[in-house]
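Work through the exercises below with the coordinates open. Try each task before reading its solution.

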Amino acid sequence: MPAARGDLAYVAPDRRTLTLVAGGEGARLLLLGGPPFGEAIVMWWNFVGRTHEEVVAYRAAWQAQVTAGTDTVVGDSADVADGRFGVVVGDHLPPIPAPVLPNARLRERR
């Protein structure tokens, strides 16, 4: 299955091999895989937790790190406060604030 630069490619489970071939410029990739989580998880936006409360806390920590005390984004990634979330090296764009949480309890999935 060919994938162009910037594409997100998906390979169905149960493949025993995967051959990757880079073009003339080479490639950088992130390969994710493995068995499913053995426990229920709660997923929302870029956060994964075990409970609704964990995701709410992760969002609050993200917002505190990437905003200037309000919902105004910090102007430069170099100005991001220290915290559990890193900064993308070489990225000149400011981080994206998380959307407002839905007015409902996040449900776990298996």
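**Exercise 1: Contacts of Val 42**

Task: list the residues in contact with Val 42, leaving aside neighbours within four places in sequence.

Solution. Contact means heavy atoms within 4.5 Å. Val 42 then touches Phe 47, Val 48, Gly 49, Arg 50, Thr 51, His 52, Val 55, Leu 106, Arg 107 and Glu 108.

The model is predicted: local features need pLDDT of at least 70, side-chain atom pairs count only at pLDDT 80 or more, and totals for chains, interfaces and linings use all residues. Residues are numbered from 1 along each chain as its sequence is written, and side-chain values use heavy atoms, leaving out hydrogens and water.

**Exercise 2: His 52**

Task: is His 52 buried or exposed, and what does His 52 touch?

Solution. Start with the place: His 52 is in helix H1 (52–66). Helices are DSSP runs of H or I with at least four residues; strands are E runs of at least two; both are numbered from the N terminus. Next, accessibility. Buried means under 20% relative accessible area, exposed over 50%, and partly exposed in between (1.4 Å probe, protein chains only). His 52 has 17%, so it counts as buried. Finally, contacts: beyond four places in sequence, His 52 touches Val 42, Ala 104, Arg 105 and Leu 106.

**Exercise 3: The largest nonpolar core**

Task: which residues form the largest nonpolar core?

Solution. Take buried Ala, Val, Leu, Ile, Met, Phe, Trp, Tyr and Cys residues, and join them through side-chain atoms within 4.5 Å. The largest set has nine residues: Val 42, Trp 44, Phe 47, Val 55, Trp 62, Val 66, Phe 85, Ala 98 and Leu 106. H1 gives the largest share, three residues.

**Exercise 4: Salt bridges**

Task: how many salt bridges does the structure hold, and which parts does the pair Arg 105 and Glu 53 tie together?

Solution. The criterion is a side-chain nitrogen of Lys or Arg within 4 Å of a carboxyl oxygen of Asp or Glu. The structure holds four such bridges. In one of them, the closest N and O atoms of Arg 105 and Glu 53 are 2.7 Å apart. Arg 105 lies in the segment after H1 and Glu 53 in H1, so this pair ties together parts 52 residues apart in sequence. Arg 105 is exposed at 53%, while Glu 53 is partly exposed at 43%. Arg 50 and Glu 54 also meet, at 3.5 Å, N to O. Glu 108 pairs with Arg 110 at 3.8 Å. Shared partners join Glu 39, Arg 50 and Glu 54 into one network.
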